[in-house]
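Please look over the model shown here. Then read the short report on how its parts pack together.

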Amino acid sequence: MKRAFVFTRSLYLLLTILLFYLLLTSRSEEVRTVWEYMHPAFIPMYFATTALLVAIVFTDENPEANLILIIIHALLSHSFFIIIFPAGNIGFQQSILGRTRRVFDNISPHGYGGTVENPLMRIYNWFGGANLQSTYSVTFARMFGIDVFWAHLLLMPLLWGIFLPTITFLIAKTLGGNDTISALAALLGSAFPFLIYLGAVSIPNSLGIIFFLGTLLFSLRYLTAPDPKYTYLLLVFAFAAFLAHFLTGLISLAFLLLAFSLRKYKTEKINSPMAARILLVSSFLIATSILPIALVYHGIFSPRTTYFTLDKIYEYPTTELLGQLVLGDYLYYDPRAILIYIAGPLIAFIWILYNLYTIRNRKTSSHTSIQILFLLFGFLLLGIDYRILNIFMTNVPFNAERTWMFRDLLSTPLLALAINNLLAFGLRTSSTGESPTSRQSFLRTFSEKAKKSAKASINASATSFLMMSVLIPAVLAGWITLSVSFAYPNYSPLQTTTYELEAINHIEETTNQDYIVICDFWTAYAGQMRMGIQNPAAYYFAENDPVGAAFYIKMRNDPSPEVMIEAMNYTDAEVAYFLLTKPRVGTEEYNRITQQAHQNDLQTYSAFYHKGEEKLHIFRYSA
Amino acid sequence: MHPEYQLKNLEETIAHDRRFLFTIMSFVMIFLIYFNELLFKSIAIGAPASIVFFLINILYLGQALFGNEPPYIRFALGSLVFFLSLGIIGWGTLIVHNLDAVSTSAALFIVAILCSTINRLKRSRRRGNLE
C-alpha cells in the first residue's frame, strides 16, 4: 500500500511539473488572455492531475504530504498570469507595483503618500495605500536578492498558494473535520473562481484576505478554547487585515464583534437567556452596519462620496428589483457561470442550516454548534451587506461583488464537510450491509476499509465504493477545472508586451537626465512597474491622472514639440519622450500620428519590432 | 533513525536554542542578507540565507505558541504568525523611516529578537509550570 502511495504521489508531481512546463510553453510576448495561446493539452491534463490529487486525498491519510501536494496544486492554479504574461495581469496590480517600486528605490520615505502635507491624510495613507503589501514585496526582494518586480508579481500567487490551503485546512480541522476532510477543504479553495482570480493578482485586497482568513481561524478557536492567546491573535490578525485593505479590515472587525458577542452569549444564555439573545441580535445588527457606515465616512478621506440612496429601488422594475434582492448581480450572469459561482456557497449554506437543525437538541455538541452559529451569522452578515451596498448605496468605491470572496472563504471548509456528509448519506442508502442509522462518515469508512478489508460491510458496499472512488475524483476535478476556466477572463485588453518593457528599459538606459514620458495609460502601467509611479527622475503619470491623459490626447491629435515642452515644464524635466504603441491605437492611427510627428519636426528616437513588424515608436525632445 | 523522528529532534534542538546558538545563526543570516543586498544582489546567497532565517524563527514561534499541536500544524501556524510579525514590524519601520537595506535589516533584527524572546519566555514558563 505504501508503495502505491509513493507511486501516485510521484506521478502527481511529475504531472504537475509537466503542467508548469505547458504553461511556460504558452508564454507569449503579445497576448490578451491566458487562453489565447494556452497549450491545448493543458486543460485535459489539469483535469487529470486534479482528479489524481482528489484520489490521493481520499486514499492517503498522510496529512502533511497531502497538504504539500495541495499547496503545489494551488501554486499552479494561481500562476497563470505570471507565467503566461510578460508582466502579470495588466491593471491595478501594476499600479501597486509602481508604488512599491518607489519604496524599493527609497523615494517614498514613510511609505507611499506618507509625506503629504495634510496630517490627517498622511495618517490615512500610512494605513492604506498598499503600504503593507509594499513592505512584503520590498522585504522579500531585499532578502532574496531579486528585483522588486519579481517579488511583487510572485507575492500573491505564492502567499495564496501556501496560506489559503493551509488556513482552510486548519479551519476545517477546527470545525471537527478529520485529516482527509480537512485536506479536501484545502483543495476545494480552487473550486471558487473569485478566490483563484484574487490569488493570481498581487493587490492589497488579496493580502487582506489572508489576514481575514487568519482572523476567521482564530475566531473559531477563540469561541471554544479558553486560551487567551487566541484573543490576542484574533486582534492582531484583524489589525493586519485592516492594514492590508480597508474592506478586509472592516469585515474582520465585524467578525471580531460577532465572535466576542457569541462567546458572551454562550456564557450568559444559561443565566439570562433573553438578555443574551438581545445582546446577540444587537451585536449582529452593529456588525452588519459597520461596512456601509464606514463607507459613508470614508468620504472624509476620499473625493468619492458614498451615500445611502433609494434611487435604485425606484429605477429598477419590480421583477428586476426582486431578482437583485434574491440573486444580486448573478441576475446578469450566464446560467453556467451562476452554477459555478453559486454551487459551493449554496451547498455550504444548506449544510449550515441542516447542521443547526440536527444538533439543536444535542447538549454535547455545544462547541461545534457555537462555531456553526458564528459561520451562519457570518453568511447572513455578508449577504445583507452585499444587498445594502448593491441596492441601497451609490458610489461604493469597489464592486459590491467583492463581498462574495468572503462568502466563498467561509464556504470552502463547509463545502468539504457537506461533501463528506453527502457521501456518507450516499453510502448508507446504497449499501445494504450498513446500518441506516450509522453516522459514520464516508471518508472514515473509506479509510477503515483500506485497513480492514476483511470486514463484511466492505463487501456489501464494494460496488458503490468503486463507483464513488472514480466518480468523486472526476466530479470534483471537473468542478475545479471549470472554476479555473471561469476564473481567468476570456476577454481582456492587450497585456503589457515585451516590446513595451524593452522600450521603457531602453529609455532608462540611454538617458542621463530627468525625463518625462507621455504615453497611453496601458503603457504607463509598464512604465510605473519599471520606474515607479510619478518618479521625479523618470516620470510616468499615474493611470488615472487627468494631466497625463490630457498630454497624451494632445500628442495624438497634434504630435508637436510644443506639447512635449509643456510636459517638460510640468515636472522640470530636461527630456520628454512620446511612446506610441501600434496595437493600442490601431495601424491606421499609428501611421497617421508617426507621419504627422515627422512633419512637425519630431525625430524618431527608436522603434521596436515584434515578429518583423514595427510595433512601437519612441519620439524624443530635449531642451 | 526514522526521518520524522530526526525532524522532530531538529525542531527540538532549534527551539531549545542552547546558548542562543540559533538566535545568533539567525543574526548571521541577517548580516548575510544585508551584505548580499549591498554587494552581490544574488538569489544564490539570498534564498538560502532567507530560508534558514525563516525556518529558525517559524520554529521558535510554532513551538512557543502552538506547542501542543501536531508538528505540521505547529509549523503552519508558526509560519502564519511569523509572516504576520514580519509584515507589521516591516510596516512600522517603513512608516517611521523607510525600507532601505539598513532599515530592512533592522526590521529583520527586531523580528528575530521578538521570535527568540517569545520562544525563551514560553519555554521558561513551561519549565516553571513543570517544576
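The report covers a pair of helices and then the contact between two chains.

This is a predicted model. Two packed helices are described by the angle between their axes and the distance between the axes. Take helix α8 of chain A, residues 148-174, and helix α9 of chain A, residues 179-188. Their axes come within 8 Å and cross at roughly 140°. The crossing is right-handed.

Which residues of α8(A) and α9(A) meet? From α8(A) come A:Pro165, A:Thr168, A:Phe169, A:Ala172 and A:Lys173. From α9(A) come A:Asp179, A:Ser182, A:Ala183, A:Ala185 and A:Ala186. The residues of this contact divide into six nonpolar, two polar and two charged.

Now turn to the chains. The table gives the residues that each one brings to the contact.

| Chain | Residues in the contact |
|---|---|
| Chain A | 44 residues |
| Chain B | 38 residues |

The area buried between chain B and chain A is about 3600 Å². Carbon and sulfur atoms give 76% of that area. On the chain B side, B:Tyr72, B:Phe83 and B:Trp91 supply 22% of the area that chain B buries against chain A. That is more than any other three residues.

Charged pairs also link the chains. How many salt bridges are there between chain B and chain A? The count is two. One of them joins B:Glu37 to A:Arg142. Their closest N and O atoms are 2.8 Å apart.

Definitions and conventions. Residues are numbered from 1 along each chain as its sequence is written. Chains are lettered from A and ligands numbered from 1 in the order in which they are written. This is a predicted model: local features need pLDDT of at least 70, side-chain atom pairs count only at pLDDT 80 or more; totals for chains, interfaces and linings use all residues. Side-chain values use heavy atoms; hydrogens and water are left out. Axes are lines fitted to C-alpha atoms, for helices over the stretch in contact, and angles run from 0 to 180 degrees between N-to-C directions. Helices (H or I, at least four residues) and strands (E, at least two) are DSSP runs, numbered from the N terminus. A crossing is left-handed if the near helix is turned anticlockwise from the far one by less than a right angle, and right-handed if clockwise. Contact means heavy atoms within 4.5 Å. Ala, Val, Leu, Ile, Met, Phe, Trp, Tyr, Cys and Pro count as nonpolar, Asp, Glu, Lys and Arg as charged, and the others, Gly among them, as polar. Buried area is the accessible area (1.4 Å probe) that two parts lose on being put together, summed over both. A salt bridge is a side-chain nitrogen of Lys or Arg within 4 Å of a carboxyl oxygen of Asp or Glu.
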